[in-house]
Amino acid sequence: MSFCIGCGECCNYVMITKDEAKRIKNYIKLRGIKVKESSSEIAECKFLNENKQCDIYSARPHVCKIFGKYENLKCDNYKGDTKGIARPGKVKGLTFINDLK
């Protein structure tokens with residue numbers, strides 16, 4: 001059962017490991033994916049396109065792969081303003097996906 005409806009609302013403030021960052025960088029380089037500019041203050045993932053689809057779907061982080069697959073990680077279909085969502089602080093060994101260049 002999937003608790004994901006594919007709305008893209010959960011694609012914000014994604015934290016990734018160094019290995020995931022390396023894999024994503026290689027993926028975008030090999031496929032010539034243009035990375036949109038993004039501020040660290042913007043909640044929406046920089047790899048979410050205008051159709052609310054993931055441009056790095058095949059190389060997406062583990063947390064993205066499991067989100068919507070478990071009841072405690074289900075989509076609440078948040079319809080509010082994502083600017084009010086607090087950016088997580090620094091976590092040792094993790095990087096904010098929008099900080100990738």
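**Exercise 1.** Find out what share of the contacts with a separation of 6 or more comes from residues 24 or more positions apart.

*Solution.* In this predicted model, residues 24 or more positions apart supply 76% of the protein's contacts with a separation of 6 or more.

**Exercise 2.** Work out where the buried residues of α1 sit around the helix, and what they pack against.

*Solution.* Step one: get to know the helix. α1 has 14 residues and reaches 20 Å from its first C-alpha to its last, close to the 20 Å expected.

Step two: list its buried residues, meaning those under 20% relative accessible area. They are Glu20, Ala21, Ile24, Tyr27 and Ile28.

Step three: look down the axis of α1. The buried residues fall within an arc of 130 degrees, so they line one face of the helix. Here's the handy rule behind this kind of pattern: an α-helix has 3.6 residues a turn, so residues three or four places apart point the same way.

Step four: check the neighbours. The buried residues of α1 pack against β1 (15-17) and α2, while Lys18, Asp19, Lys22, Lys29 and Leu30 are exposed on the other side.

**Exercise 3.** Decide whether Arg60 is buried or exposed, and look for a salt bridge.

*Solution.* First, locate Arg60: the loop between α1 (18-31) and α2 (62-66) holds it. Next, its surroundings: Arg60 is buried, and beyond residues up to four places away in sequence, it touches Arg23, Cys54 and Lys65. Last, the charge check. A salt bridge needs the atoms within 4 Å, but the nearest side chain of opposite charge, Glu20, is 9.7 Å away, and Arg60 has no salt bridge.

Note on methods
Residues are numbered from 1 along each chain as its sequence is written. This is a predicted model: local features need pLDDT of at least 70, side-chain atom pairs count only at pLDDT 80 or more; totals for chains, interfaces and linings use all residues. Side-chain values use heavy atoms; hydrogens and water are left out. Helices (H or I, at least four residues) and strands (E, at least two) are DSSP runs, numbered from the N terminus. Buried means under 20% relative accessible area, exposed over 50%, partly exposed in between (1.4 Å probe, protein chains only). Lys and Arg count as positive and Asp and Glu as negative; His and the chain ends are not counted. Contact means heavy atoms within 4.5 Å. The expected span of a helix is 1.5 Å times one less than its number of residues. The arc is that of the directions from the helix axis to the C-beta atoms.
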